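Reader: Please take the terms one at a time and set each value against its definition.

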Amino acid sequence: MKRITSFTVDHDTIVPGFYVSRIDGNVITFDLRTRTPNKGDYMDNLTMHSVEHMMATLLRNSAQSEQVIYFGPMGCQTGFYLLMRDTSPADAFALTCLCLADAVAYAGEMPGNTRKECGNYQNLDMAAAKQECARYLDALICNEKFSERKDFSYE
């Protein structure tokens, strides 16, 4: 069986950041790596689920909502995938930073927090989402490697 692209990246060299994972025509998959892989510091399900609700809602309510295809957690618990169409990496990075800042400042109820809206609605926590979004935003903004980058490759 052919190995998928994400398994060809050396995960021992990845640090928290924003990467282009793959390009399929006009759709780019972005790797929003919030944690260093294989170091034992993984997100719990509550945190991943809560960030997913916040970021998916904010991204789909942004000015680039029509370009957003998907936002969701990685099974390895070290980040998220963002799929966008017709969007440059620099624009997707800026949108991600904006939505992270909006999540940290958000004062309302957790989006999709009812039984009718979510299959595990009791496994959501606004404080966990805000804390993880603040952590990741800090990693992106404070790390020149990502805030000044134009190519967003794994190298």
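Reader: Where is Arg 35 found, and why is Arg 35 called buried?
Author: Arg 35 lies in the loop between strand 2 (27–33) and helix 1. Helices (H or I, at least four residues) and strands (E, at least two) are DSSP runs, numbered from the N terminus. Relative accessible area under 20% counts as buried, over 50% as exposed, and in between as partly exposed (1.4 Å probe, protein chains only). Arg 35 has 7% relative accessibility, so it counts as buried.

Reader: Which model and numbering do these values rest on?
Author: The model is predicted: local features need pLDDT of at least 70 and side-chain atom pairs count only at pLDDT 80 or more, while totals for chains, interfaces and linings use all residues. Residues are numbered from 1 along each chain as its sequence is written, and side-chain values use heavy atoms, with hydrogens and water left out.

Reader: Which residues does Arg 35 contact, leaving aside its neighbours within four places in sequence?
Author: Contact means heavy atoms within 4.5 Å. With those neighbours set aside, the partners of Arg 35 are Pro 16, Asp 41, Tyr 42, Met 43, Gln 77, Thr 78, Glu 132 and Arg 135. A separate value concerns Ala 139, 104 residues from Arg 35 along the chain: their C-alpha atoms are separated by 9.6 Å.

Reader: What makes Asn 38 stand out in its phi, and is Asn 38 buried or exposed?
Author: Most residues other than glycine have a negative phi. Asn 38 is not a glycine, yet its phi is positive, about 60 degrees. Asn 38 is found, like Arg 35, in the loop between strand 2 and helix 1. Its relative accessible area is 53%, so Asn 38 is exposed.

Reader: What is the phi of Asp 86, and why is Asp 86 called exposed?
Author: Asp 86 has a positive phi near 50 degrees and is a residue other than glycine. Asp 86 sits in the loop between strand 4 (79–85) and helix 2. Because its relative accessibility is 55%, Asp 86 counts as exposed.

Reader: How do you know how helix 1 is oriented to helix 3?
Author: Two packed helices are described by the angle between their axes and the distance between the axes. Axes are lines fitted to C-alpha atoms, for helices over the stretch in contact, and angles run from 0 to 180 degrees between N-to-C directions. Helix 1 (residues 45–60) and helix 3 (residues 126–142) pack at about 80 degrees, with axes 8 Å apart. That angle makes helix 1 roughly perpendicular to helix 3, given these ranges: under 35 degrees is roughly parallel, over 145 roughly antiparallel, 65 to 115 roughly perpendicular, and the rest oblique. Helix 1 brings Leu 46, Thr 47, Ser 50, Val 51, Met 54 and Met 55 to the contact, and helix 3 brings Met 126, Ala 128, Ala 129, Glu 132 and Cys 133. By class these residues are eight nonpolar, two polar and one charged, where Ala, Val, Leu, Ile, Met, Phe, Trp, Tyr, Cys and Pro are nonpolar, Asp, Glu, Lys and Arg charged, and the others, Gly among them, polar.

Reader: Why is helix 1 called oblique to helix 2?
Author: Helix 1 and helix 2 (residues 89–105) pack at about 120 degrees, with axes 9 Å apart. That angle makes helix 1 oblique to helix 2. Met 54, Met 55, Leu 58 and Leu 59 of helix 1 meet Leu 95, Thr 96, Cys 99, Leu 100, Asp 102 and Ala 103 of helix 2. This contact has eight nonpolar residues, one polar and one charged.

Reader: Why are helix 2 and helix 3 called oblique to each other?
Author: The axes of helix 2 and helix 3 cross at roughly 140 degrees and come within 8 Å. Helix 2 and helix 3 are therefore oblique to each other. From helix 2, Phe 93, Thr 96, Cys 97, Leu 100, Ala 101, Ala 103, Val 104 and Ala 105 meet Lys 130, Cys 133, Ala 134, Tyr 136, Leu 137 and Leu 140 of helix 3. The classes are twelve nonpolar, one polar and one charged.

Reader: Why is Ala 101 called partly exposed?
Author: Ala 101 of helix 2 has 33% relative accessibility, so it counts as partly exposed.

Reader: What makes Phe 18 and Phe 93 an aromatic pair, and of what kind?
Author: Rings of Phe, Tyr and Trp (its six-membered ring) pair if their centres lie within 6.5 Å; planes under 30 degrees apart count as stacked, over 60 as edge-to-face and the rest as tilted. A search of the whole structure finds three aromatic pairs. One of them joins Phe 18 and Phe 93, at 5.3 Å centre to centre with 80 degrees between the planes, and is edge-to-face. Phe 18 is in strand 1 (residues 17–24) and Phe 93 in helix 2, 75 residues apart, and the pair links these distant parts of the chain. Ring pairs link Phe 18, Phe 30 and Phe 93 into a cluster.

Reader: How do you know whether Phe 18 and Phe 93 are buried or exposed?
Author: Phe 18 has 0% relative accessibility and so counts as buried. Phe 93, at 8%, counts as buried.
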